[in-house]
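Reader: I would like to go through this structure with you. Can we take it question by question?

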Amino acid sequence: MTKPSVSLILKITIIDALREGLLFPFWWYSKGLRDIFTKLFACAKESVSFFGLDIWAKNLFVPMYGETSFTGRFVSFLVRFFMVIARSFAVGLWMFILVLIGMISVVIVPFTLFGFFMHLIGMFIS
Amino acid sequence: MPRLGIPFAEKMYVWSMDTDQSHTRMREAQYSASRLLSGLLFGKLVVLGLIALFLIYLQGFDLIFTLSFWLEPSWAGVFVYLTILCGLGLYAHQSQTVKTIPAMPEAQELLEPIPLAQEAQMINISDFFSEDAKKSVERAYDLATNFGHAHVDPLHLFIGTIDTQEIAVVFSRLGLTFETIQEPIGRKLQTREFGKPPILSESAERVLLEAFRQAVHEHVREVNASELFACAYKQDLFLQEVFLDNGIDTVMFENMLEWLRIHEKMRERYKQFQKAAYSKPTGAMNRSMTSVATPLLDAVSEDLTTAAVQGHLPMLIDRDKEIEEIFRVIEGGGQSVVLVGSEGVGKTALIAGIAELMVQEDVPSILQDKRLVRISIPHLVSGVDASQAQDRLLQVFYEVSRSKNIILVINDIDQIVSQGSAGATDLAATLVDFLSRGGTFALATTTPQAYTALVERSMIGRIFQKVLISEPDQQTAIHILESKIGGIEYEQNVIFSYEAVEKAVKLSDRYMHETYLPKKAIEIARETALQVAKTKGVDALVTGQDIAAIISSKTGIPTTSVGEDEKTKLLSLETHMHGRVIGQDEAVNAIASALRRARTELRSGSRPIATFLFLGPTGAGKTELAKTVAETYFGSENKMIRLDMSEYQDTSSINRMLGVPGSLQGGLLTEAVRKNPFSIVLLDELEKAHPDILNVFLQVFDDGRLTDVTGRTIDFTNTIIIATSNAGTQYIQDAVSRGEDIAHIKTHLIEEELRSIYRPEFLNRFDGVIVFKPLNEQDVFEITKLFMKTVASRLESKGIGFRAEDAAVVELAHRGFDPKFGARPLRRLVQEEVDNAIANALLEGTAERRDTIVLEPGGKIHIEKGSIL
């Protein structure tokens, strides 16, 4: 196989580094964020079945442990009702974390750039 | 510019990757640069992170939770922000460079490549190619450039793939090295057209598109080097010829590649399965918590879904059709299913497959969030009487009906009805009652015989819908065995060649008729692996010969390739046989040729090795020839199954041959052949048998099999069947004495003399009708010499020598010759004159060790005294 020369590799490395550095903000607010949001959305979609919320909601009126007496059904309904609430809360919390990650993703680039330059300039001025 | 494309969904899939040397060099450089940049960014991240941590440490870690740390300028802040920026940069770099494989087109089958004509959106299929496959194409260009070839052809692509790991596996499994095919390929490369720079030929472009098409058809994630390798092979007849020269035909080649695909699919499925198994409960409780504890059921059963989650069940291969049918029945009306198939065809594997699909919840909704539980009938009935067993079963059903998440599996459901006792009937009735009330439904298994005899017309038969599980064909069985080989190799530390896998299936299918594929092939492979591990050591290669040796030891049929000793023996069979049979050259030659054809696999596999009818007068050597073949080739005279057809003179005697109806034992003939499938069957004095008995042999001669009364099919394809008959003897003797030609005698016999005895269709089924000539005086003289040798060999064990004077031999031959009775009177004469005289001498003590008994004319003997110690 034809091997590329070291100088060619170095040249491409420098060009790529410069290109990626300069285009980074543009990439981040186009494809980068789209990828992140796709992953977050898939994660959110899986969370409902991960926490079993769909199964618990579907079986809200189905007695637990085969207890078909009135008391059994009533207790089951109560337990399932609270479980649905608890699991909804867990799903909600998870969604909140995902939204938070999404929001951080949106602001992290300007925030970091601003912080970096602010600290750097501040240090030189002082 | 691409010339061909595959149209699909208003797009045109084409190969448009630049693969010349400068582009390849540039791609290599970009790949190296990308890795270098990743390394630099990671290094930077680590260094900056450490500096930031050190600076924060100096200020105190508490400070990072204060607003002033983030807002008031500090060197620590500079480095923290720089580290975050560097991390984001690394993330961006990796996201941009790590190749995301685009999803393959969703199609069962793509159209064949067509020439590009109209404008359409072009999709470059190289994006779907794995790195290995792309590198193979680059190597092909490189090869063409180095040789100065004008075109990159399928041959270049084929050579380009050889360096990849998966193709190295293909070569080693096929028992090949590149060196073995290097020479013809090298010669072929020399004949290519020269020119610069090389361009992709249309046939090579077709190979690339076909590889893509094949990958879509196989539903794999990307086009691997193996697809490229296979398509180059298919496209190039020269390559097929090269492989054929090494004993690998297209079917073997395709099956070998299927092995790779199966391996890849199993790995992929395992990954998906592990992910799905994470959320599948393993206990009695389902995810919706509607089920109840089932302690009694748990004590007498095995939870198959739990076993599947824990990875204890085998993966199912190539049984989509059966699974689909089972699901259709279940979905159709929640009906119970009984899988009817012979032992070893894969009923249990199918149920294990359903358990795995249930873990992945890739099943009809009626099976979702359920568990598959196999009840053990022996556990259920052990230690209790019938009524207690019924009581237990009722309790189990109570638990099942309360739990509502259980699908029952009952292996060998005929066990419940088999005893025919009241207790068994109660169990069956309990089961039927429970299932018909809709408590749940069940998957059961049974064999075809048991289904017909016990289940079909019982009450169980009414509630279970039958799904027939037939024995997989050889190709499917090879694929199933390929999926199991990994486990066997891991257990025994050996490596299987493809030939071994193929032979395990083909030879077991051909020679072992009492068990079924794929189980018998898996068992043979397992046994051979153990044997090879013991004899050849760790990492030894299991070859086709090893498999053949195990099958030979199990069946007694020679299946290994012909060795040097055997080759010599086969080539000199006539000489060996003439050591015992005098004259009758036609018969001896016919038998020897049949044996040679059989051993070199140049015969039909669905008929006996050979079937002969020996016609001739008594004492001409018909039976003797059969005995000689049994001794010289089959190892011993005991390998001959002899039926005196005079014992089969009425139609009822067929029961002795095939077994008495109602009994569980086969007949004399069927049992003998079942136990010794590689033997000679001698049907002596065939003309004496009842004509209806002869009809039985029509099927044997045609299909090489016979079914006994128990329903077992007995394989006759490894037998030589010789029938002897004295019919037409008078005509033969008269015709020979008139000096008629033997061919004419045979024609007249078949057309005239035998018409009243054998039906034409019966005679037609013999491979050869051989007429034994009556013995002449010269033949009898030679036979007398053989008899004298026999007498000498009998005395040899006593340490006494024996010699017959020539005049004595001539005299014996003359006196023993009778044109009507052949050599029979001679045998009696030798017994009366020679054996009696020797016996007297031995009893009188006149002949002792080291003495020599000499036979003189007139039947007299004298003793030559041996040396005294």
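Author: A definition comes first: a residue is buried if 20 or more other C-beta atoms lie within 10 Å of its own. The model is predicted.

Reader: What share of the residues of chain A count as buried?
Author: Apply that cut-off of 20 or more C-beta atoms within 10 Å. Chain A has 126 residues. The share that counts as buried is 11%.

Reader: Which elements make up chain A, and in what order do they run?
Author: Chain A has zero strands. Its helices number three. From the N terminus on, the order is α-α-α.

Reader: Is chain A spread out or a compact globule?
Author: Its C-alpha trace spans about 80 × 55 × 20 Å along the principal axes. For 126 residues the globule rule gives 14 Å. The radius of gyration is 26 Å, well over that, so chain A is more spread out than a compact globule.

Reader: How many residues of chain A are in contact with chain B, and which element gives the largest share?
Author: On the chain B side, 39 residues take part, against 35 residues of chain A. Helix 1 (6-50), helix 2 (53-58) and helix 3 (70-125) of chain A each give two or more residues to the side that touches chain B. By class, that side has 20 nonpolar, 11 polar and four charged residues. The largest share, 12 residues, comes from helix 1 of chain A.

Reader: What distance separates the centres of domain 2 and domain 5 of chain B?
Author: Domain 2 of chain B covers 123-259. Domain 5 of chain B covers 565-771. Taken over C-alpha atoms, their centres are separated by 53 Å.

Key. Residues are numbered from 1 along each chain as its sequence is written. Chains are lettered from A and ligands numbered from 1 in the order in which they are written. This is a predicted model: local features need pLDDT of at least 70, side-chain atom pairs count only at pLDDT 80 or more; totals for chains, interfaces and linings use all residues. Two residues are in contact if their C-beta atoms, placed from the backbone, lie within 7 Å. Helices (H or I, at least four residues) and strands (E, at least two) are DSSP runs, numbered from the N terminus. Ala, Val, Leu, Ile, Met, Phe, Trp, Tyr, Cys and Pro count as nonpolar, Asp, Glu, Lys and Arg as charged, and the others, Gly among them, as polar. Domain bounds come from an automatic or database domain assignment. The radius of gyration is taken over C-alpha atoms; the globule rule is 2.2 Å times the number of residues to the power 0.38. A residue is buried if 20 or more other C-beta atoms lie within 10 Å of its own, exposed if 12 or fewer, and partly exposed in between; C-beta atoms are placed from the backbone.
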